[in-house]
Amino acid sequence: DHIGPVIFTFDLKAAIRQGVLVPFAYFPLTYKLTDKDRERLRDVYRKRAARAAAGQPMSDEELWIELARVYKTSPAKLPVFENFINKHQSLLERSIIFVETQEYGAEVLDLVHKFRPDFHTYFAGERSMTLERFARGDLQCLITCHRLSEGISINSLNTVVLFSSSRARLETIQ
């Protein structure tokens, strides 16, 4: 008798071979942090020092989350993405773009709007009708937060863009 979830572990090649995943192309885009990003990183370390001095130390996990947020929301990514999509506009057909925050999603939305009229955002609190429209093919591109990635079942998806991904490999692969 087994109680609890059964967890299967696949490396990417095994998952593709067994039909859990389909083959995919991976395009890492490099960018350099802005001066403001570097200042935001310093602010995180200052906050950590201030909390330690106040007797409320920041956990390593809290530190990593705050540092990661700087990278996940760097405006330096936006022109790199725009240049790439300008050369590969078909990647926005049947695509989901994962972002860290709604505010960052609004900036990505402005870029996508230059290339596609049939897109929409899907953030917490929005109606599931948007997700249904995307699943039916009425929308070609969906911009959403990674927290909503679980439970999405889209049968015809061509591209996933990760402005923000989880440290957990399973969530990223999902």
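**Reading the model piece by piece**

Tutor: Let's begin with the sheet: four strands make an open sheet with parallel pairing, in the order S2-S3-S1-S4. Bear in mind that this is a predicted model.

Student: Which strands are the edge strands?

Tutor: Look for strands that pair on one side only; here those are S2 and strand S4 (159–162). While you're there, check the twist, which averages 20° from one strand to the next.

Student: How many bridges join S2 to strand S3?

Tutor: Four bridges join S2 to strand S3 (residues 141–145), and the two run parallel.

Student: Which strands does helix H6 lie across?

Tutor: Helix H6 (residues 129–136) lies across strand S1 (95–99), S2 and S3, and runs at about 140° to S2.

Student: Which residues of H2 are buried?

Tutor: To call a residue buried, we want its relative accessible area under 20%. In H2 the buried residues are Asp-37, Leu-41 and Val-44. They sit on the same side of H2, because they cover an arc of only 50° around the axis.

Student: And which exposed residues does the face turned away from that buried side carry?

Tutor: That face of H2 carries Asp-35, Lys-36 and Ala-53. Just after H2, have a look at Gly-55 as well: it takes a positive phi of about 80°.

Student: What do the buried residues of H2 pack against?

Tutor: They pack against H3. Now turn to H3 itself, where Leu-63, Leu-67, Val-70 and Lys-72 are buried. The buried residues of H3 pack against H2, H4 and H5.

Student: How many salt bridges does the structure hold?

Tutor: It holds 13. To spot one, look for a side-chain nitrogen of Lys or Arg within 4 Å of a carboxyl oxygen of Asp or Glu. One of them brings together the side chains of Glu-62 and Arg-51, at 3.2 Å from N to O. Glu-62 lies in helix H3 (residues 60–72) and Arg-51 in helix H2 (residues 35–53), so this pair ties together parts that are 11 residues apart in sequence.

Student: Are those two buried, exposed or partly exposed, and what is the accessibility of Glu-62 and of Arg-51?

Tutor: Glu-62 has 31% relative accessibility, so we call it partly exposed. Arg-51 has 23%, so it counts as partly exposed too.

Student: Which parts of the chain does the pair of Lys-114 and Glu-82 link?

Tutor: First the bridge itself: the side chains of Lys-114 and Glu-82 meet at 2.8 Å, N to O. The pair links distant parts of the chain, 32 residues apart, with Lys-114 in the loop between helix H5 (102–113) and strand S2 (119–122), and Glu-82 in helix H4 (residues 77–87). Lys-114 is exposed, because its relative accessible area is 55%. Glu-82, at 21%, counts as partly exposed.

Student: Which residues do salt bridges with shared partners join into one network?

Tutor: Glu-39, Arg-42, Asp-43 and Arg-46 are joined that way. Zoom in on Glu-39 and Arg-46, which form a salt bridge with their closest N and O atoms 2.4 Å apart. Glu-39 is partly exposed, with a relative accessible area of 31%, and Arg-46 is partly exposed at 43%.

Student: Let's finish with one residue. Is Val-112 buried or exposed?

Tutor: Val-112, which is found in helix H5, has 0% relative accessibility, so it counts as buried. For a residue like this, list its contacts beyond its neighbours in sequence. Leaving aside those within four places, Val-112 is in contact with Phe-81, Leu-92, Ile-97, Phe-119, Cys-141 and Ile-143.

Student: How far apart are the C-alpha atoms of Val-112 and Gln-89?

Tutor: They are separated by 9.6 Å, while the two residues are 23 residues apart along the chain.

Notes. Residues are numbered from 1 along each chain as its sequence is written. This is a predicted model: local features need pLDDT of at least 70, side-chain atom pairs count only at pLDDT 80 or more; totals for chains, interfaces and linings use all residues. Side-chain values use heavy atoms; hydrogens and water are left out. Buried means under 20% relative accessible area, exposed over 50%, partly exposed in between (1.4 Å probe, protein chains only). The arc is that of the directions from the helix axis to the C-beta atoms. Contact means heavy atoms within 4.5 Å. Two strands pair if DSSP finds at least two bridges between them. Axes are lines fitted to C-alpha atoms, for helices over the stretch in contact, and angles run from 0 to 180 degrees between N-to-C directions.
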